[in-house]
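The following note sets out some points on side-chain packing and helix contacts. Please read it alongside the sequence and the structure.

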Amino acid sequence: QKALENATAAAAALAEGTSFEQVAQQYSTDPSKSLGGDYGFISASNTLDAAWVQAVFALPLNGTTPVIKGAEGTYRIGTVREIAPPSVDSQFNSDVVQKIGEGAYRDNIRMEALAAKLESTVIADATSGNVDQERLAEIYIGVASGTDPTTDTGTVHASHILYSPKHDPTNQASLPPEDPAWAEAKASAQKTVDALKAITEVAQREAKFAELAKSESDDKTSGANGGDLGFFGVDSGFVKEFTDPLFKKDANLKPGDVLGPIQSQFGYHVILFQERVPGAADRLKAVTDALAAPGADFAAIAKQYSDGNEALIGGELGWRTQSQLPTDIGSAAFALQAGQTSPSVKLDDGYHVVKVEERASRPLDQVQVAEISATAFGTWYDPQKTKAETDKVITRDASIFSSTSSGSGG
């Protein structure tokens, strides 16, 4: 959301007449900001981000793209300062002719030209004229990579102070339980617990906790940050003795609650509970209930609950064709009419709920042209190739090609 705000502010500054160099130096987070955003020459095959590169190559000299969201979630704006003609490596051509012969070389060049013409035709067909589109808003309930949304237990934000026997958390496995150092560590932890619980004002308790963590914790890494461990899940790698009390469903913990002393293999932990983010299924239920309420405001609910990059602007995704959406979401969205909201769609990354704000047959905008151009040929070609293989019109030499589709010619 902060990145989107930053990119939007940069676009507004450009629209007001501020030079691209000044805007880059003020807003960019790329190393090129020190050069006023100068990226040097790039080719159309540049792999930085397909949609952005397509948009840049669609510009005239001195043209500027709108804000373009890349596949990895980065927002970019590009401008064209100079256009250089393509160059020919004559030595390379000479070497190829000598290797395979001029006839074979010309045949391959002819096939490549035909393939390029076919690709251009497919892309032109996919990006020209009026296209059925929907203006969408989305509420996205995300989960960590590799987590099943249906079993997600959520995350907790907590801090801790560790009191280790002999102030050494690394060698406790070899220290006998009856060693007096264990009792001393526990007593120190209990003293801290008592002192913290005596502070009734939560903000003061949190400040005191951070102060003690910096001065007393034997976990020096988190101690330097006031004991803060950030957000973590039940399977984050922390020892079970530490996570169990925080993830108990009946714990009813409130921000500022202090737990401990809790013993683990490393010593005794004093834990400050700060915040809980419920699991994906629980958060989805909150969204579903909110949407079912009379007069429900989708944008307000998105701002409150969505994990998407567009939450800050009410989940607005703008205009999308069906091909621009994941298959399951596209099928759900394009089965709706304007004003309708989809049931939740479960994907590997979490749950998605979309609302159709408008539906129309309209031309693609510049960003859409760039995005669709990057995938149009593969979208057309892959099913053609699959059908041809199924019908035995073409066969694959397994000794050369794998069974996976390339998404392009070959």
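1. In this note, contact means that heavy atoms lie within 4.5 Å. The model is predicted. By that criterion, Ala50, Ala51, Gln54 and Ala55 of helix H3 meet Gln366, Ala370, Glu371, Ser373 and Ala374 of helix H13. Sorted by class, the residues in the contact of H3 with H13 comprise five nonpolar, three polar and one charged.

2. The geometry of this helix pair can be stated as follows. The axes of H3 (residues 50-57) and H13 (residues 366-390) come within 8 Å and cross at roughly 120 degrees. Angles of 65 to 115 degrees count as roughly perpendicular and those over 145 as roughly antiparallel; H3 and H13 are therefore oblique to each other. Their crossing is right-handed.

3. Nonpolar side chains tend to be buried together in soluble globular proteins. In this model, the largest nonpolar core has 16 residues. Those with the most contacts inside this core are Ile161, Tyr163, Leu196, Phe209, Val258 and Val270. Two or more residues each come from strand E4 (155-163), helix H6 (180-197), helix H7 (202-216) and strand E7 (267-277). The most are given by H6, with six residues.

4. Which residues are in contact with Leu196, leaving aside its neighbours within four places in sequence? They are Arg205, Lys208, Phe209, Leu212, Val258 and Val270.

How values were computed. Residues are numbered from 1 along each chain as its sequence is written. This is a predicted model: local features need pLDDT of at least 70, side-chain atom pairs count only at pLDDT 80 or more; totals for chains, interfaces and linings use all residues. Side-chain values use heavy atoms; hydrogens and water are left out. A nonpolar core is a set of buried Ala, Val, Leu, Ile, Met, Phe, Trp, Tyr and Cys residues joined through side-chain atoms within 4.5 Å. Buried means under 20% relative accessible area, exposed over 50%, partly exposed in between (1.4 Å probe, protein chains only). Helices (H or I, at least four residues) and strands (E, at least two) are DSSP runs, numbered from the N terminus. Axes are lines fitted to C-alpha atoms, for helices over the stretch in contact, and angles run from 0 to 180 degrees between N-to-C directions. Angles under 35 degrees count as roughly parallel, over 145 as roughly antiparallel, 65 to 115 as roughly perpendicular and the rest as oblique. A crossing is left-handed if the near helix is turned anticlockwise from the far one by less than a right angle, and right-handed if clockwise. Ala, Val, Leu, Ile, Met, Phe, Trp, Tyr, Cys and Pro count as nonpolar, Asp, Glu, Lys and Arg as charged, and the others, Gly among them, as polar.
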